[in-house]
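The sequence and coordinates come first, and the discussion follows.

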Amino acid sequence: MTEDMRLFEQRESTLRRNLEAINSRFPGFGAWLHENAEARDSLSVVKTGSHWWLVNDDEKMMDRYDADEAGLSDTKHAIWVVLGLGTGGAILDLSVERRQHVARVFILETDPAVWWAALQHSDLTPLFTDQRVFPLWNRDEIRDRLFEGSSTLLLLGLWREPLYIRNRGEVESRERQFAEDLSKIRDHLFVVLRSMGNSAEDTLVGFRQMMMNIPGMLESYDITDLADAFGDYPAVIVGAGPSLDKNYKLLHEIKDRSVIISSDTALRKLLADDIHPHIVVSLERGLIIYQKHFANLPKIPEGTVLFVQSVCVPEMAGTWQGGPFCLGFKWGLPLDHWFSGLTHLPLIRSGASCTHLAYTLALMMGCRKIALIGQDLAYAPDGATHSSATAWDGQTKDTLDDGQSKYITVPGNLGEEVLTHDIWLLFKRIFEEWYEGDRERYEGLRLFNATEGGAVIEGAEIVALREFIDSHAAGLPPMPRHPGEILTRRPLQEGEKRGSLQRGFDEALQSVDIMRKGFDRMREAAEEVAKPLLSSGERQRRAARMGEILDGMIVQSPLVTYVYQSHIALMSGDLLPHRAFSAHRDTGEWSKRTEEFIEAAETIFDHLEANLRLALAMLEETPMDSEHLKSLGRDWGPLDAEAALEAWRSSRDKELPLFALRLCAHYDFSAGAWPAEDAADFGRMLLVLGSVERARHILRQASQSATLAADPRFYNDLGVAFMSYELGVAPDCDNAYGCFAKAYSLDPNLESVHDNLVACEQIIRKGARMTLALKKSEHEKGVSLVLAESYARLHQWEEALEWFTRAAARFKEGMGEEEEHRLAEVYVKTAGCLTKLGRVGQAEASYIEAVTTAPEDKKHFYRWELLRHYLREGDSGRSREVFRSLAGTDDGLRVLEKNRGALEAFASERRYGWLAKLIEGAGIGRGISEAPKVPAETSDI
């Protein structure tokens, strides 16, 4: 056998083994290679010196990776993305199989010629049989292959720290191709990770609002009844970007020749100009969205359809005065799929913004020419974020900049570069990704960016709105029917569909119980990992078992999958540095973080269970609420103040425990039209029902009443509202403390007020200590001061002194003028603690430190504090000295004038003739200041 024959058979044998392994795991990959068989011999593998090369007539690519051992061994890189396969030999040298910390390896190579050359040259079966390795071979399927390889939430979390390993020869030779493919990967991950939600708490807020929307779901129309009903007409989607002012008035011309879909933010502006959109969309969950965009709207045309996602506050549907309202669910989220199945209300692809949702609706309605206006996705040249006459009118980049914002410059529609933000960049990328796929699904689809400003959306045709109207809408006949006229079906009013809701909630409660038991098993598995005398490999195997338990549970319950997904992804990132168990401390850290994760899960289950029970209770009470309202001659819908008050008062003697929640969704309490006592009772009931944000809002309004302003019990209740917690609504301890202090001043004998003051301090301290636990030095001085002041308010002087001392040490570390002033304040408060503890000499020294430290233009404030100290101690000599130093400057004289009444009263009580003479001789009150005198009764110096 000749050498050539031997080499040929060797290559063929290697190729067969590789293809068998490929076809076994990736049949689609094998089919792709077969389709591209003509590329089989277009590249050759040669060796020169110590390097292997891929060569043809046009290029020569060295097979070498730019990756150092430190990066390959770093346990935080649990996902590798290999850019370029080369000859296959160098990738084997990376020793993937020996690196147990690596969870996934993605090999990006979209050139079939490279694959054929490598499959003949190198035995890659160790890669193809390794369940962690996934090839990315087709540029059009990169996103799908990434999803297939990262199919669990734990794996998605690992994408926060990927390692990109570049084949030097290929990347240098085909730099643009790899840059485009890498951009696809990063864009996909950006969208996926941002779409997972901010936190489990954020998701639970949405889940609770779904529960609150159950009465609305029972009355909702089905938006999908509009499917393909407007195929002959274009659509215009109205965003609220700053460029909207340029062209929105043109909508008057096409009100019956184009489907107009408005975002919630743009609605008020359109109605003010008598432009009536056919559909209005909203998808954000905050109460502020209702208050800013829907409360006190101008008259809405009867046919205008409202479509909101089920996580929106129930007030949106409950107070809607236009045409039919429709509730829906967000396509692609497991919880929404589950809930949609129970309610028979539709799943709608929603993206991350109202205009994404509006675009999907336009497609669903059959529109194939879709124009975007007000879709700037960028700051205006003057920094504005939104159009005029919207809720965010006047908001600019400067007013929003928190010092942590991520700004990016991108191409603009008008040929210039524009400044955008990472959130808007996400919106832009979603549009681009969707439109790329939609053009293949929908024949004749064209997306026009008629924004006339803002950022380019790749793929969309840039036109002026006038041009779009003239070309695609002006010549059309009027639409035969308004969308609102088509919607007549309410799914949950049909047959036994309502009963499926109750069964679904019962089953969900059972699944929560299953999850609790599953997390008990996870805790047991975690304990096995932490046992002593185990090798790192054995710990890794046991840790993998815990992950398998979690993956198994997730597929059992869409509730857990959605609610917990962001937390699982974050946890997997937290565990990354310790997953190799290469050091003793890794085991302890891994165990600690795993226990925190499980404890958080148990808290989430508590909230899930509470919300499911709320859902069952609302489902049971809804018919009775409706009967009560019907007995008053009314139906549910927008209620005015008189009707809402009558309904509330007459409900008190009935067994309707959740009626306040239902009523809250149908009456706009921002009008403040109820008698204060009724509003206060209503707010208290909302507080009992856990609706903290609404209770605060209503009780705060009621506090304007002269009657309630003198009621200590009312202020105690308002303080409780501020101190209470609701998902997504943190305790407001500053306002709570102010309310309790007000109640205490009105009635010092009210026992609950004292208890609440103490509880408020405990919450303040708990929050401060949690912040300290983050071990971020920039927080320490502020948090130390919070703790010190909390202890001082409860007269715990030793503890207060300790924290004031710590705060002073932190303020000294960075001494600008502002820090000097704050440090002087800390010294004064420290001196107050020392005085209470009887350490008079130390207190004096601290007051003197305050004067010394303070900026020159503020020293008079602190000399006054020092004077007060000497007066209280009866030290006439030093009192005279400080008094005269104050009287020697205009600022000091103003301080003395402001406090003249207190000084005179103090001199009289103590019989300090010398002080009276000082006051008289200082010339106080001779035109230095107009500040009012302190009354003589307040003689506490």
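## A residue of helix H26

In this predicted model, Phe605 is one of the residues of helix H26. With a relative accessibility of 1%, Phe605 falls under the 20% limit and therefore counts as buried. Although Phe605 and Met515 are 90 residues apart along the chain, their C-alpha atoms are separated by 8.1 Å.

In soluble globular proteins, nonpolar side chains tend to be buried together.

## Helices H31 and H33

Helix H31, made up of residues 712–723, packs with helix H33, made up of residues 751–773, at an angle of about 20°, and their axes are 11 Å apart. Since angles under 35 degrees count as roughly parallel, H31 and H33 are therefore roughly parallel to each other, and their crossing is left-handed.

On the H31 side the contact involves Asn716, Val720 and Met723, which meet Ser752, Val753, Asn756, Ala759, Cys760 and Ile763 of H33. Sorted by class, this contact of H31 with H33 has 6 nonpolar and 3 polar residues, and no charged residues.

## Helices H38 and H39

Helix H38, covering residues 859–873, and helix H39, covering residues 876–887, pack at an angle of about 160°, with a distance of 9 Å between their axes. An angle over 145 degrees counts as roughly antiparallel, and H38 is therefore roughly antiparallel to H39. The crossing in which H38 passes H39 is left-handed.

From H38, the residues that make the contact are His860, Arg863, Trp864, Leu866, Leu867, Tyr870 and Leu871, while H39 supplies Arg878, Ser879, Val882, Phe883, Ser885 and Leu886. The contact of H38 with H39 has, by class, 8 nonpolar, 3 polar and 2 charged residues.

Note on methods: Residues numbered from 1 in each chain as written. Predicted model: local features only at pLDDT ≥ 70, side-chain atom pairs only at ≥ 80, totals over all residues. Heavy atoms only, no water. Axes fitted to C-alpha atoms, helices over the stretch in contact; angles between N-to-C directions. Helix = DSSP H or I, 4+ residues; strand = E, 2+ residues; numbered from the N terminus. Parallel < 35°, antiparallel > 145°, perpendicular 65-115°, else oblique. Left-handed = near helix turned anticlockwise from the far one by under 90°. Contact = heavy atoms within 4.5 Å. Nonpolar A, V, L, I, M, F, W, Y, C, P; charged D, E, K, R; others polar. Buried < 20%, exposed > 50% of the residue type's maximum accessible area, 1.4 Å probe, protein only.
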